[in-house]
Amino acid sequence: MTGLWHSLALNDCGEVFTWGGDTHGQLGLESADKKSQSIPKRVKGLASVSVVQYHVATGLWHSLALNDCGEVFTWGGDTHGQLGLESADKKSQSIPKRVKGLASVSVVQACAGYSHCLVLTSTGELYTWGNNEYGQMGINNSNTTVTKPQRVESLVNLPIALIACGANHSFVLSKSGKRHTLTFIPSVSRLYAFGIGSAVQLDSPKSVHKTPQLIHGPWIASPVAMTAGEDSLVSHSGGLVVKKIYSGGDHSIVTVTKSSDGVLSDDFRVLNPATQILDVNFERLKECEREVEQLKSDETLDQDLLLYLETVFLSPGCMNGSFLQVENDEHFSCNSKNPGVDMQLCQDCYDTIARIERESVRSLILASHAHLVKSLWNTPPDAEALRMFLTLPLYHEFMNPRQHEILHMPFAGALLQLKNEAAKILGNWYLLMSDDYFERLILIFKQCLIYLLQQPGVVDSTNGDITFNRKLSFCLQVLQKLNSLNNETLTSSISAGGRTVSNIRTPAPHGGRKVAYTAFYMPDLATVCDIRIDYFRWISGRPNGSTRDFLCNYPFIFDAKAKTTLLEMDQRIQMEHAMNQTNFYLFLQTFNPHTLNQYLEVEVSRDNIVEDTIRELAQYTTNDFKKPLKVKFRGEEAEDAGGVRREFLMLLLKEILDPKYGMFKEYEETRSIWFSEDTFEDQNMYFLIGTLCGLAIYNYTIINTYYNLFDKVVDRRRNWYLLMSDDYFERLILIFKQCLIYLLQQPGVVDSTNGDITFNRKLSLCLQVLQKLNSLNNETLTSSISAGGRT
């Protein structure tokens, strides 16, 4: 395509090349000096855009391109608003920009005039913008400059099939123009023109027509099918059928065929495969698979097939133009709610590739994908350019962490660097995908993280410390982004590949999440590193100026066992800190050594255990409760090595929970207890119960309660447990699982000869609590309830 001072060329990969004058940025090379170019250069701003073949056009100082989503991009001079960007200052643009005024329509043909543009939509309507001095836009408007696309109302009821703009020369399909426009309507065999009629390109020389004028000629209506589904054509006894139309600067050209030949007029509203760029074709891949299976070891694959594979997998334009959801033209409306991609077709194509065992083919495709991921944009020109972020993870080599250098890291880097608007669009698309796809995406980077942690020098073999690098952080940050998406709620009605998500969020099987939170758990971490060391480094803080990362910055990857390990680590650290702090103050207060103690010491009598405990605990602060608990029964010599502490907690709770004490009421039918409504106890007693439970857990002490308090809690406050965090609920489960294991390990419970279990009330209580928690876990909250700001 040629303008006055510059030219455009389009290859079968959808890449646009330009050369010539660049005074107004019409080459799209983003060059500051705007020097002329004698050698064709690729327009990088369209690298990820699938430009439709034969759909680039040039004006005097501007250029335009049409992609497979029906979107128009313009660049160059804008003195008459010919870029359609609705810019008040009409500055030149050296970077291709999407014409947002056409967002509601799907464009199938575009052409450029001297300083105006004309496009044809899939419904046969015309839109135009730019200079209207001579009526070349076809709108009877007093404004000579129009910066926003306007519909040509005078032809709104006539289905247009072809358009052409006049220019200084002629070229195939759409031509650069000067001051007139040509349109053709095949169903009624009418040709219209508007603009200035210089050199008799219209029926009267140098006349100006601001509305479409009928051009008379020997043509008749294009042959059409009699009825839907019939192959026979309407016969014509004579006459000519318009095949194509062209316009030059001062002339117009119409090519015709005989009606008896039964040749249809060109119609850009009908998709013509010949005008499309190459794409990843399922049938071609199946052909490759079959040929590879039939090849002998010493035979080579067809070179044309190899060239095809290399071409499509090397080109971002070809990849973004592949796997399109062509049913109902969904690919035309590519936006934040619809990627326009047939994900099942994409999966089928990549499954076929995975079955090809020829090493030369596998290596070629891998190298091509390595090139593709490097071409991913962080500021894409359009949503269409984001499609590869959806399709590439289906390539089977993404499940191979050994390819992390050439696949995972470039992909993660581009994903993390996406600007806000692009990241939001891609996030919506990920939420539209199936659960299996989303879990695959998570698994890809979990596997990559484990693989990287296993590499020499990453984890210190002596102390388990992790030497963080950029690759580890990339994997964790991608997982963090996916975890954030997983916790989002879709609030709009969106569809992709036939899958619709309602704008009313119904209760989901994963607590409102896309997938279960456990999909992010990484139990294998314990086999490759020591998370306790990571936690210690994490709470110690980063050294000045350090950008070191930590696993603990990403707590969603820790399962219940890992979190229990970290909780125990935290307790030990806090105990150690409290004891060290006490030793420090003891050193400073040499003359008063009894004012501080390394332990939380409690001295009580067995006969007055409740009152003594309240009195003893009242003298301590919250920080003191972080010290190890040490108990002494008055008048007894036993040293507390853990057994005395356990006995103390057991006796104290038994006393407090006894219904005869007045604080709790027993329900005989369920053998459970609950807080009495008639108690006269003050708040200190309730505080004591909470403190004792906390001390028991903090000091790793499992105690038995002789009354089923939990049963009544669940019966009357079941929603409370469902409102708590997942970590809390898992902790509750873990408490009784550990208790059950401990009880089974006691002498006489499991027969050492035959493994038979002698059940007792304690075992049954643990199992019944776990059963109740399991029932709760399977329930669905049907009303909107909140607690502590969490809904």
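**View 1. The hairpin of β9 and β10.** Strands β9 and β10 form a hairpin with four residues between them, and Gly-124 in the turn has a positive phi of about 85°. Strands here are DSSP runs of E with at least two residues, and helices are runs of H or I with at least four, numbered from the N terminus. The model is predicted: local features need pLDDT of at least 70, side-chain atom pairs count only at pLDDT 80 or more, and totals for chains, interfaces and linings use all residues. Residues are numbered from 1 along each chain as its sequence is written, and side-chain values use heavy atoms, without hydrogens and water. β9 (residues 116-121) pairs with β10 in the antiparallel sense over five bridges; two strands pair if DSSP finds at least two bridges between them. His-116 has Gly-130 of β10 as its bridge partner.

**View 2. Strand β10 and its pairing with β11.** Six of the six residues of β10 (residues 126-131) are buried, that is, under 20% relative accessible area with a 1.4 Å probe, protein chains only. β10 runs antiparallel to β11 (residues 145-151), joined by four bridges. Asn-131 has Thr-145 in β11 as its bridge partner.

**View 3. The largest nonpolar core.** Among its 98 residues, Phe-389, Leu-392, Tyr-430 and Leu-551 touch the most other members. Helix α9 (residues 435-453) gives the largest share, eleven residues. A nonpolar core is a set of buried Ala, Val, Leu, Ile, Met, Phe, Trp, Tyr and Cys residues joined through side-chain atoms within 4.5 Å.

**View 4. Surroundings of Phe-389.** Not counting residues up to four places away in sequence, Phe-389 touches residues including Trp-377, Phe-411, Tyr-430 and Tyr-437; contact means heavy atoms within 4.5 Å.

Notes: Buried means under 20% relative accessible area, exposed over 50%, partly exposed in between (1.4 Å probe, protein chains only).
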